[in-house]
Amino acid sequence: MTQKVAVLGTGKIGEALLSGMIRGGWAPADLLVTARRAERAEELRTRHGVTPVTNAEAAKTADTLILTVKPQDMGTLLDELAPHIPADRLIISGAAGIPTSFFESRLAAGTPVVRVMTNTPALVDEAMSVISAGSHASEADLAHTEEIFGSVGKTLRVPESQQDACTALSGSGPAYFFYLVEAMTDAGILLGLPRDKAHDLIVQSAIGAATMLRDSGEHPVKLRENVTSPAGTTINAIRELENHGVRAALIAALEAARDRSRELASPLWSVYRWCMAVVSSCREMLG
């Protein structure tokens, strides 16, 4: 049976997901997209052969809706979608910080919701997508979500309580590596290398190190020790990193990212709960 999938709010990550699905064998005719600007929608049609629709049309037509708008825009989108979504539709949220319960409370009773945090390496089919089930999501819903996001990288299931930590580690993770490469490139220039050569040296070293981490099965401490000779260059560099508190700074940075992930949805969620409490009180007063 043909499954239609709609990506709502198709930005860079949404487009990467579309192209990955098409490379993985999905028919463009079964993929729907929505975009805020008409020219963006037409661009997606031309580039990928997918069908641009309105949000309401997507809700009525697609079997799976992937919501990729910003967290602050999610409430408005759900208000638009809710009247049109039957309870048998699968809703996949890519919004940082917003719990599945927020969606479940706004949609028809029993609507399955899956929360996913992916990252920008989806653009090169090397994403890490972390998947959590809402209270009504079945094993089939999770497997379907894995099939979709597996088209642009790896997937991992975690309890929803761990999503904010995963956002800090892998959702924001690529930026930390880019930051490190930027700093190392500047150091290479300071040491007398041209920028392009410093960049090439660092990028290939990063690719090689990541491949060893993935394929060797060794603990990172062991891999680091293999490079660190007694009284050599590496141990002197490591000493300076420790003296400057780099390890502690990284831990603090990830804690800050986790906390911000929680904060992103808290105003939206708090306002919604307050509104529902007011509605409930009014109903009681009216008998």
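The protein's secondary structure comes to 12 helices and 8 strands. Helices (H or I, at least four residues) and strands (E, at least two) are DSSP runs, numbered from the N terminus. This is a predicted model, in which local features need pLDDT of at least 70, side-chain atom pairs count only at pLDDT 80 or more, and totals for chains, interfaces and linings use all residues. Residues are numbered from 1 along each chain as its sequence is written, and side-chain values use heavy atoms, without hydrogens and water.

**Exercise 1. Overall figures**

Task: State the box filled by the C-alpha atoms, the accessible surface and the share of buried residues.

Solution:
- Step 1. Along the principal axes, the C-alpha atoms fill a box of roughly 80 × 50 × 35 Å.
- Step 2. The accessible surface comes to about 16200 Å², and 60% of it belongs to carbon and sulfur atoms. Areas come from the Shrake-Rupley method with a 1.4 Å probe; for residues, only the protein chains shown count as cover.
- Step 3. Of the 287 residues, 37% are buried. Buried means under 20% relative accessible area, exposed over 50%, partly exposed in between (1.4 Å probe, protein chains only).

**Exercise 2. A helix pair**

Task: Describe how α1 and α2 pack.

Solution:
- Step 1. Two packed helices are described by the angle between their axes and the distance between the axes.
- Step 2. Helix α1 (residues 12–23) packs with helix α2 (residues 38–48) at an angle of about 20°, and their axes are 12 Å apart. Axes are lines fitted to C-alpha atoms, for helices over the stretch in contact; angles run from 0 to 180 degrees between N-to-C directions.
- Step 3. That angle makes α1 roughly parallel to α2 (angles under 35 degrees count as roughly parallel).
- Step 4. α1 contributes K12, E15, S19 and I22 to the contact, and α2 contributes R40, L44, R47 and H48. Contact means heavy atoms within 4.5 Å.

**Exercise 3. Positive phi**

Task: Where are D125 and A231 found, and how exposed is D125 and A231?

Solution:
- Step 1. Most residues other than glycine have a negative phi.
- Step 2. D125 has a positive phi, near 60°. D125 lies in the loop between β6 (113–117) and β7 (127–133). With a relative accessible area of 28%, D125 is partly exposed.
- Step 3. A231 also has a positive phi, near 60°. The loop between α10 (220–227) and α11 (233–243) holds A231. A231 is exposed, with a relative accessible area of 77%.

Technical notes
Parallel < 35°, antiparallel > 145°, perpendicular 65-115°, else oblique.
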